[in-house]
Amino acid sequence: MTLHKHPRLIPLLLALLLITGCSQARFNPITTTPAPQPGLTPQRIILNLTQSPATSQAVTWRTNSIVTSPKAEIAKATGSPVFRTRAATVTARSESVTSNDSPLFFYHSATFKDLEPETLYAYRVGDGAHWSEWNQFRTAAAAPKPFSFVYFGDPQEEAGSMCARTFRIAYQKAPDAAFWHFVGDMVDNGDQDNEWQELFDAFGWIPRTTPFILLPGNHAYPDKRYVKGDAFKIFSLWRPQFTLPQNGPKGLEETAYFIDYQGVRFIMLNGNEKLQEQAEWLDTVLSNNPQPWTIAAIHQPIYSTGRKRNDHHRQELFVPVFDKYSVDLVLQGHEHNYARTQKLFNNQPATAPHRGTVYVTSVCGPKSYPANHRYDHLVETIGTGRQLFQVIRVDGNKLTYEAFDSAGNPYDRVELDK
Ligand SMILES: [Fe+2]
Ligand SMILES: [Fe+2]
């Protein structure tokens, strides 16, 4: 309808506008409350485990606009809303970041310390005027105690369209998982903010309540074929987005580190650079390991099921250390297919007295490559063309590993005993 064809409607519309304006003036008196500023609303809130998950917890978020006093609040969660009155304030650190495809963003990071083990806490993040919702997390036990976590291979592509269902069914299958463990290639182009946005949208509120631990894959770096020397370094979006431990080799902060969680030492390796330094560091970290179980993770597999690639370098560097300390499990990604080995020692099926190490490669995104069968003499389960997630439960002397596809069907299973 166009007004010039209906001139008699014009006075009617003017009258309507006047009435609406008057009623707003009458029922919405001027207040001193500032208008909400979308640029100050916390986004992409994510919990990360610290080196001491029984007594501390890290959280990271970002805003579009600069925040003068970024902070978090925390209190023991109770069933009553009164918990809010007992909240303590923690000051956050901020940094500004830009990427290839996005304007300036401001990332904020806070670490809650001096927490009580095995306790449910509520927290929120913001600036005093613009707050997130209250979210909750539970601290770890201070000593070995049964728990589960979920391990995912590469999401990488079509996070919004195709990975969301995998994340959701994983959450339904193991809602009490202590944390989610990723092994790299979170997105295809780690310098593209729009891809990270798609991924965070697919995660929904899960990282606000289930802490994540993760390490970088090759897609968090520029392409090694074209970028060498000092220019080969992790994309600038990685570190600001997370608050991960910095107890690894120098220069690999928040990309190689270890965490002790209820009887398991988790070791994250960065398979992209400084491999020799990491092999030496790994030996040191494992030589002084009080935890009964050890689980290592690296993006690029030790026994590759990739079509063409089969890099022996990581095998030569890391297998002697894994063997020396009887690492129980190695979690990997990169190949966009699935493989789980037998227990191996010295690149062969383990025989007594050696305990052996199980190596797993998995994928959660829709991108699939055929599996190369060069290591079939070491492998128990191999396949491709499935979006998978793995629920791993550690309970005293038993570790139960179960892989499921994104329709919830069991795909693989193994039990390890101490
Ligand atoms: Fe990769
Ligand atoms: Fe990948």
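**Talking through the calls in a predicted model**

Modeller: Let's start with Ser109, which sits in strand β6 (residues 102-112). Keep in mind that this is a predicted model.

Biologist: Why is Ser109 called buried?

Modeller: Buried means under 20% relative accessible area. Ser109 has 9%, so it counts as buried.

Biologist: And what makes the Ser109 and Thr243 side chains a polar contact?

Modeller: The cut-off is 3.5 Å between N or O atoms. This pair is joined at 2.8 Å, within that limit. Thr243 is also one of the residues that Ser109 touches, as are Val59 and Trp61.

Biologist: On to the metal. Which residues are the protein donors of the iron ion (ligand 2), and how do you know that they are donors?

Modeller: They're Asp154 (OD), Gln156 (OE1), Asp185 (OD) and His336 (NE2). A donor has to be within 2.8 Å of this metal, and these lie 2.1 to 2.3 Å from it, so they pass.

Biologist: Why is the arrangement around the iron ion (ligand 2) called irregular?

Modeller: The 4 donor atoms subtend angles of 85 to 176 degrees.

Biologist: Are Asp154 and Asp185 buried or exposed?

Modeller: Asp154 has a relative accessible area of 0% and Asp185 has 3%. The limit is under 20%, so both are buried.

Biologist: What makes Lys324 and Asp283 a salt bridge?

Modeller: Their closest N and O atoms are 3.0 Å apart, and the rule asks for a distance within 4 Å, so the pair qualifies. Lys324 is in helix α7 (residues 312-324) and Asp283 in helix α6 (residues 275-287), so the bridge ties together parts 41 residues apart in sequence.

Biologist: Why is Lys324 called exposed, and why is Asp283 called partly exposed?

Modeller: Exposed means over 50%, and Lys324 has 54%, so it gets that label. Asp283 has 23%, which falls between 20% and 50%, so it is partly exposed.

Technical notes: Residues numbered from 1 in each chain as written. Chains lettered and ligands numbered in written order. Predicted model: local features only at pLDDT ≥ 70, side-chain atom pairs only at ≥ 80, totals over all residues. Heavy atoms only, no water. Donors = N, O, S within 2.8 Å, 3.2 Å for Na, K, Ca; no water. Tetrahedral: all angles 85-135°; square planar, octahedral: opposite > 155°, others 65-115°. Buried < 20%, exposed > 50% of the residue type's maximum accessible area, 1.4 Å probe, protein only. Helix = DSSP H or I, 4+ residues; strand = E, 2+ residues; numbered from the N terminus. Polar contact = N/O pair within 3.5 Å; in protein donor to acceptor, adjacent residues only side chain to side chain. Contact = heavy atoms within 4.5 Å. Salt bridge = Lys/Arg side-chain N within 4 Å of Asp/Glu carboxyl O. Lists of a residue's contacts leave out its neighbours within four places in sequence.
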